[in-house]
Amino acid sequence: MSPVAFFILSLLLFTLGALAFLFKRDLITQFMAIEIMLNAANLALVAGAKTWASLDSQVVVFFVITVAAAEAAVGLAIILLIYRQKKNIRSEEINLLKG
Amino acid sequence: MATFLFYLLSIITVASVVAMIFSRHQAHNALLLAVAFTSLGGLFALLQAPFIATVQIIIYAGAIMVLFIFVIMMIDLRQPFPPLRKKWVFALGALLIVVIFFELIMVIKSFPTASKATNLDFGHPASLGKLLFSKYLYPFEITSILIVAAMVGSLYLARRKER
């Protein structure tokens, strides 16, 4: 299997994730779209590890997964706080900083 | 066999992400995302990365999805979200995405088409572990501090205020 196919798949996943992030309005689904984009980047890194025979990018994927876990914990806690204050999680209604 | 598995797993992944874009129910979205993450784990295994594949399934399809589902249960929104009404936002977003897609296709065209890694124990967990504890020792330790900070921070954020 040519590695270019994996790169094109990761590109497709990244654009689909960005599309989901732009088109969705609830914070949880937008957060899931961010996770999809992170996973697409991971797929490109692993494909690169095989293409250039370097194990370093697999280590980078390991770090990306750990940081994504930390980010998910903090982000979901923030979403919970927003829900307690506003009783909904629509991203367009979070406009406290709007002048 | 590898080609068949690649097409099967990539079709499952892309189809579940597309279904996530069209679905309006958060619990369905979480399940579709778990399917996508699991099949991505299979793709990692196809790329000679068994350790990354295992970590992907344990952490993403396991831990992170459990977190998402807990938060969805806590939030409990009864009504599904109505679709976005501003059409120009759709058009602008789709245009931007298409531009990014073709830009990155141009980048990928310059990549080599054959892979260098051929020996069988490439990506073996033992060699990855050796790299983690020698060359990447400091980032590894800093990651553990980050995990503790995230844990304490999310506990602090999500606690109930006592009166």
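Reader: Hi! What should I know about the model and its numbering before we start?

Author: Welcome! This is a predicted model, where local features need pLDDT of at least 70, side-chain atom pairs count only at pLDDT 80 or more, and totals for chains, interfaces and linings use all residues. Residues are numbered from 1 along each chain as its sequence is written, chains are lettered from A and ligands numbered from 1 in the order in which they are written, and side-chain values use heavy atoms, with hydrogens and water left out.

Reader: Great. How many residues of chain A are in contact with chain B?

Author: 70 residues of chain A touch 79 residues of chain B, where contact means heavy atoms within 4.5 Å.

Reader: And what area is buried between chain A and chain B?

Author: About 7200 Å², with carbon and sulfur atoms giving 81% of it. That is the accessible area (1.4 Å probe) that two parts lose on being put together, summed over both. A:Phe23, A:Met32 and A:Lys50 supply 10% of what chain A buries against chain B, more than any other three residues.

Reader: Switching topic: which residues of helix α5 of chain B are buried?

Author: In α5 (residues 125-134), they are B:Leu128, B:Leu131 and B:Leu132. Buried means under 20% relative accessible area, and exposed means over 50%, with partly exposed in between (1.4 Å probe, protein chains only). Helices are DSSP runs (H or I, at least four residues), numbered from the N terminus.

Reader: Why are those on the same side of α5(B)?

Author: Because they cover an arc of only 100 degrees around the axis, taken from the directions from the helix axis to the C-beta atoms.

Reader: What do they pack against?

Author: The buried residues of α5(B) pack against α3 of chain A, together with α3 and α6 of chain B. The face turned away carries the exposed B:Lys130, B:Phe133 and B:Ser134.

Reader: Nice. What volume does the largest pocket have?

Author: About 380 Å³. A pocket is an open set of points on a 1 Å grid over the protein atoms alone, with protein on both sides within 12 Å along at least five of seven lines, and lining residues have an atom within 4 Å of a point. The volume is the space filled by probe spheres set on the points, which are joined across faces, edges and corners.

Reader: Which residues are closest to its centre?

Author: Of the 20 lining residues, those are A:Ala69, A:Ala73, B:Leu67, B:Met151 and B:Ser154. Two or more lining residues each come from α3 (56-86) of chain A, and from α3 (50-75) and α6 (137-158) of chain B.

Technical notes: 1 Å grid on protein atoms, 1.4 Å probe; cavity = no way out; pocket = protein on both sides within 12 Å on 5 of 7 lines; lining within 4 Å.
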